[in-house]
Amino acid sequence: MEVGDRLKKIRQIYGLSQRELAKRVGLTNSTISMIERNAVSPSVASLKKILSGIPMTVTEFFTADIEAKRQVIFRPDELIDMGTDDIHWKLVGNPDTKRTLAFFIECYEPGADTGTELMEHEGEEAGTVIDGKIEITVGGEVFNLEQGDSYNFQTKIPHRFRNKTNKQCRIVSAHTPPSF
């Protein structure tokens, strides 16, 4: 792929017009246009200056997988279940090492328990009970949540989730950084 074609695709991925990119880096939009049409080939220094407006390094520019289609919408059958038999943690999105957030739809069957040994890991977790009830233990303190209740805690504090009812509990949660 030519440098100009690559620049155009990357600029579009970042949602920038030629005019906006040119303004950010102190060039004319006709210069950006000529490069994107492959009418002129920029020097490494010029390319570096243009990429500072995105921002992106020259190495990232040449190694970025711009052909990969980024999935935005995920249907229920496309969610990845990262749970167990009685706990379903449906990951919204694809597992990606570059992601900074894990977003889950969680289902705890009656009697489900994350275990008597409390979990702990780096990060933060927040969620809202959508349906049912759940018992959450955080740092030795026990909380009983029901539909509409929310939580937020540092996950380095030992914690546990347990459904002590005879009805399924559904939670929507976010974890950062993703630890799954």
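Student: Why do strand β2 (residues 87-91) and strand β3 (residues 102-108) count as a pair?

Tutor: Five bridges join the two antiparallel strands, and because two strands pair if DSSP finds at least two bridges between them, β2 and β3 qualify. K90 stands opposite I105 in β3. This is a predicted model, in which local features need pLDDT of at least 70, side-chain atom pairs count only at pLDDT 80 or more, and totals for chains, interfaces and linings use all residues. Residues are numbered from 1 along each chain as its sequence is written, and side-chain values use heavy atoms, with hydrogens and water left out.

Student: What makes β1 and β7 edge strands?

Tutor: The open sheet of six strands has the order β1-β2-β3-β9-β4-β7, with antiparallel pairing. β1 (80-81) and β7 (150-154) each have a single partner strand, so one side of each is left without a neighbour in the sheet.

Student: Which strands form the open sheet of three, and which of them stand at the edges?

Tutor: The order is β6-β5-β8, again with antiparallel pairing. β6 (141-146) and β8 (159-162) each have a single partner strand, so one side of each lacks a neighbour in the sheet. Six bridges join β5 (residues 133-138) to β6, and I136 stands opposite F143 in β6.

Student: How does the radius of gyration of the protein chain stand against that of a compact globule?

Tutor: Taken over C-alpha atoms, with the globule rule being 2.2 Å times the number of residues to the power 0.38, a compact globule of 180 residues would come near 16 Å, but the protein chain has 23 Å. The C-alpha atoms fill a box of roughly 70 × 30 × 25 Å along the principal axes.

Notes
Helices (H or I, at least four residues) and strands (E, at least two) are DSSP runs, numbered from the N terminus.
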